Amino acid sequence: MQAKKRYLISLLTGAFLVLLFYFGGVVPGPAATGSRSRHGYNRPEQPWPHFSDPLQHLSPWDHSDTEDYNVHISPRQKRDVNSSVYKGKRCRMQSCFDFSLCQRNGFKVYVYPQQKGEKISESYQNILSTIEGSRFYTSDPGQACLFVLSLDTLDRDQLSPQYVHNLKTKVQSLPLWNNGRNHLIFNLYSGTWPDYTEDLGFDIGQAMLAKASISTENFRPNFDVSIPLFSKDHPRTGGDRGYLKYNTIPPFRKYMLVFKGKRYLTGIGSDTRNALYHVHNAEDVVLLTTCKHGKDWQKHKDARCDKDNAEYEKYDYREMLHNSTFCLVPRGRRLGSFRFLEALQAACVPVMLSNGWELPFSEVIDWNTAAVIGDERLLLQIPSTVRSIHQDKILALRQQTQFLWEAYFSSVEKIVLTTLEIIQDRVLQQTSRSNLMWNSHPGGLFTLPHYSSYLGDFPFFYAELGIKPNPKFTAVIHAVTPLVSQSQPILKLLVSVARSQYCAQIIVLWNCDKPLPAKHRWPATSVPIIVIEGENKVMSSRFQPYDSIISDAVLSLDEDTVLSTTEVDFAFTVWQSFPERIVGYPARSHFWDNNKERWGYTSKWTNDYSMVLTGAAIYHRYYHFLYSHFLPSSLKSMVDQLANCEDILMNFLVSAVTKLPPIKVTQKKHLSKPSNIVHLFLLRQTCMNKFASWFGGMPLVHSQMRLDPVLFKDQVSILRKKYREIERL
């Protein structure tokens, strides 16, 4: 009898354990130390970082696991949504991109012609205009590597007035669609009320997505590109600079942490926003929400709405934004929000609380250097976490927000070009940019990888690498006048430059219509003189990246420039301390003419300047490459047609890259002025305004700094002076 009882108890116990195991009540194997993901791996719980630790991502989080997501979407609905949007969910560059289209003509982008009667939003028009004005654009689909639709795909919310109907049929009818292969689709808004899923409403096939608010679940690594959500008022080009004042110490502001935004009462939304009142203290942590949004908000108001609304009205959002150290960026209806870009520009360190959001340009940007990336489940720990971050780290974070804002986010143009550059790096992997290039000044857009794969070949990384530029320079003399006399200024200039101890070689760029002079016409010098004919004999040819230039530094000279060997030596020694800037003698300035509402150009002798003319200037040879391959053909064609303004365009370019003024060396007063100076100045003013329009603003920076030799003009013996000849000028 006892044996039967034991047998029955054992049988029941075994059956009970089997049932527990079947329904997930018992997890076999060792006990998990962290939360278990739906993929079966253990996710260790990670503490918030201390100020001495690098700010790392916390546990990866799938937004579909959150309560507010599951309330509105059943498993079947989620499967249907994912299958309808991402039939090519497993797409990667190797499987869904045809690299052979890029082998013949490089990375070229084709934009479909706009169809009659199709409405297009201003934001999408800005995107298409940016592509069409870029160096990537081709009007020939046969030369294209990447294709962009002219159909507006930015807003796929069915309740939006910008929503394009019947997009599925329109896309499928395109003759070049090819199931989306080698296509790029831009999107800012997807899904609609109340669930706001990532459904675009049509099958994207094998196309890549450049999408805002994209989740890590649906993001296809190294195939899609996560872009920021930007408003219709976001500038097309240029954009305002960040608001951080240089060397702002201490880095703390009036508020430690702020947020002001909507609190969602119905439909999908952020539970985090509904819980912000728990950490709001109305002192240094000001987190405000309002129920006043939507026409029927009063129907859904709760007991806290009146109090929240009253507190919300007490504070000005802009004042908070510009006077806070940290800005909370929680998700709203969708994963991304406008506050992300607003915080970056305001130098307010973003505190990201949007679990499952693939951050913008995450493929190339290290967001741990510019943001605090948290977990929505750890909301109550936020105040103590941000207070624990050391002020040195805060300053570094704020400075990086300014760099990232100005490099990649301040305009629609920069967002679009960054997207294209990321895709180009994938296509041309052998010349892709390094992480350092993307995350340090001047950024990936100005660091063209097909110039060099070695950081030391660029003028921006000498300090970080602990190296110095080449100790010699190459002089490039622009010649446009026939050589008829041995007393011409160009011959005297050749002799003077060749005597410099830093001169490696002299290149005479022959842009004259007459044939090249015989070799014996040139003076005998201790350095080689190379005479080459300019490409098409146009002004822009003086800035071609000639293979003959062997040094880092280029001394650019006009044929009639008068410089002594001492002046050349001194200018070069100054440039060695400022290798990323233009260093030289003749200076000019720009100003805003209120009467004409345009930029003006002046050569008046003042303490203020913003340009150093390339008729007697030294700069890094990389700027020849950037001038030739970065600037659009329209600006260079203007320079060539006018046979003028190339020096202004070079100054615009260098200042746009460095955000710094040029360096003026010893005041040189003996400069000849042309007889038609009034006409010349009007011409150059026209150039300046055309250039400013393309750059999206005025990149030139004013300066009052002038570098003179030590003891120059001092009442000491001439024998004690290193640059003696300058004394006699």
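Is A347 buried or exposed, and at what relative accessibility?

Tutor: First, the ground rules. This is a predicted model, in which local features need pLDDT of at least 70, side-chain atom pairs count only at pLDDT 80 or more, and totals for chains, interfaces and linings use all residues. Residues are numbered from 1 along each chain as its sequence is written, and side-chain values use heavy atoms, with hydrogens and water left out.

A347 counts as buried, because its relative accessibility is 0%. Buried means under 20% relative accessible area, exposed means over 50%, and partly exposed lies in between, for a 1.4 Å probe and protein chains only. A347 belongs to the loop between α11 (339-345) and β13. Helices (H or I, at least four residues) and strands (E, at least two) are DSSP runs, numbered from the N terminus. The backbone of A347 is worth a look: phi is near 60 degrees, a positive value in a residue other than glycine.

C645 is not a glycine, yet its phi is positive, about 75 degrees. Its place is in the loop between α20 (633-642) and α21 (646-658). C645 is buried, with a relative accessible area of 0%.

Another loop holds a cis peptide bond. The bond runs from H441 to P442, with omega near 5 degrees. P442 lies in the loop between α15 (435-439) and α16 (462-465).

The structure holds 34 aromatic pairs. Rings of Phe, Tyr and Trp (its six-membered ring) pair if their centres lie within 6.5 Å; planes under 30 degrees apart count as stacked, over 60 as edge-to-face and the rest as tilted. One of the pairs is F361 with F409, stacked at 5.4 Å centre to centre and 25 degrees between the planes. F361 is in the loop between β13 (349-353) and β14 (372-373), whereas F409 is in helix α13 (residues 391-409); they are 48 residues apart, and the pair links distant parts of the chain. Both F361 and F409 are buried.

A second pair is Y502 with F572. The ring centres are 5.1 Å apart and the planes meet at 40 degrees, so this pair is tilted. Distant parts of the chain are linked here too: Y502 sits in the loop between α17 (489-498) and β16 (503-510), F572 in helix α18 (residues 565-575), 70 residues apart. Y502 counts as buried at 15% relative accessibility, and F572 at 0%.

Last, a sheet. Three strands form an open sheet in the order β21-β20-β22, with antiparallel pairing. Two strands pair if DSSP finds at least two bridges between them. β21 (598-602) and β22 (611-612) are the edge strands; each has a single partner strand, so one side of each lacks a neighbour in the sheet. Five bridges join β20 (residues 587-593) to β21. In β21, T602 is the bridge partner of S589. Helix α22 (residues 677-695) packs on this sheet and touches β20, β21 and β22, its direction making about 135 degrees with that of β21. Contact means heavy atoms within 4.5 Å. Axes are lines fitted to C-alpha atoms, for helices over the stretch in contact, and angles run from 0 to 180 degrees between N-to-C directions.
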